[in-house]
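Biologist: I'd like to learn how to read a structure like this one, feature by feature. Could you walk me through it?

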Amino acid sequence: MTTMELHDIIARLTRERDAARAALRDASRCEDCGAWATAYRSASARYACDSCGVGDGWADDPHAAALRAAMRAP
């Protein structure tokens, strides 16, 4: 592995870390249980977690993937 390849890997991991941090910082809370909101319903402007935001009309929050990854991380 070359120094440039390592630099690219570090840069990619740094971007992923920064995206996860931004998602956590900017995340809304579920209006039902208080957990991190990963879904929203635009018709009612409501935010919900994966457990509470089930059914029709819910869409992933723009940061949902980063939030889910951060919640899985040790």
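**Reading the model together**

Modeller: Gladly! Let's start with Thr-38, which, leaving out residues up to four places away in sequence, touches Ala-48, Cys-49, Asp-50, Ala-59, Asp-60, Asp-61, Ala-64, Leu-67, Arg-68 and Met-71. Please keep in mind that this is a predicted model.

Biologist: Where does Thr-38 lie? And is Thr-38 buried or exposed?

Modeller: Thr-38 is in the loop that runs between helix H1 (3–26) and strand E1 (39–41). Its relative accessible area is 1%, and a residue counts as buried when that value is under 20%, so Thr-38 is buried.

Biologist: Which side chain does Thr-38 join through a polar contact?

Modeller: The partner is Asp-50: a polar contact of 2.5 Å links the two side chains. Asp-50 is also among the residues that Thr-38 touches.

Biologist: Let's turn to the sheet. How do strands pair in general?

Modeller: Strands of a sheet pair through backbone hydrogen bonds, and the pairing is either parallel or antiparallel. Here there is an open sheet of three strands in the order E2-E1-E3, and the pairing is antiparallel. Strand E2 (46–48) and strand E3 (59–60) are the edge strands, each pairing on one side only.

Biologist: How many bridges join E1 and E2?

Modeller: Three bridges, in the antiparallel sense. In one of these strands, E2, you will find Tyr-47, the bridge partner of Tyr-40.

Biologist: Those are both aromatic. How is a pair of aromatic rings described?

Modeller: By the distance of the centres and the angle of the planes. In this model the count comes to one aromatic pair. The ring centres of Tyr-40 and Tyr-47 are 6.4 Å apart and the planes meet at 45°, so the pair is tilted. As for solvent, Tyr-40 is partly exposed at 30% relative accessible area, and Tyr-47 is partly exposed at 30% as well.

Biologist: Which charged residue sits over the ring of Trp-36?

Modeller: That is Arg-29, whose charged end is 3.9 Å from the centre of the Trp-36 ring.

Biologist: What about helices? Which residues of helix H2 are buried?

Modeller: In H2 (residues 64–72), the buried residues are Ala-64, Ala-66 and Leu-67. These residues cover an arc of only 165° around the axis, which puts them on the same side of H2. Ala-65 and Arg-72 are exposed on the other side of H2.

Note on methods: Residues are numbered from 1 along each chain as its sequence is written. This is a predicted model: local features need pLDDT of at least 70, side-chain atom pairs count only at pLDDT 80 or more; totals for chains, interfaces and linings use all residues. Side-chain values use heavy atoms; hydrogens and water are left out. Buried means under 20% relative accessible area, exposed over 50%, partly exposed in between (1.4 Å probe, protein chains only). Helices (H or I, at least four residues) and strands (E, at least two) are DSSP runs, numbered from the N terminus. The arc is that of the directions from the helix axis to the C-beta atoms. A polar contact is a pair of N or O atoms within 3.5 Å; within protein, one must be able to donate a hydrogen and the other to accept it, and residues adjacent in sequence count only if both atoms are side-chain atoms. Contact means heavy atoms within 4.5 Å. Two strands pair if DSSP finds at least two bridges between them. Rings of Phe, Tyr and Trp (its six-membered ring) pair if their centres lie within 6.5 Å; planes under 30 degrees apart count as stacked, over 60 as edge-to-face and the rest as tilted. A charge sits over a ring if NZ of Lys or CZ of Arg is within 6 Å of the ring centre and within 35 degrees of the ring normal.
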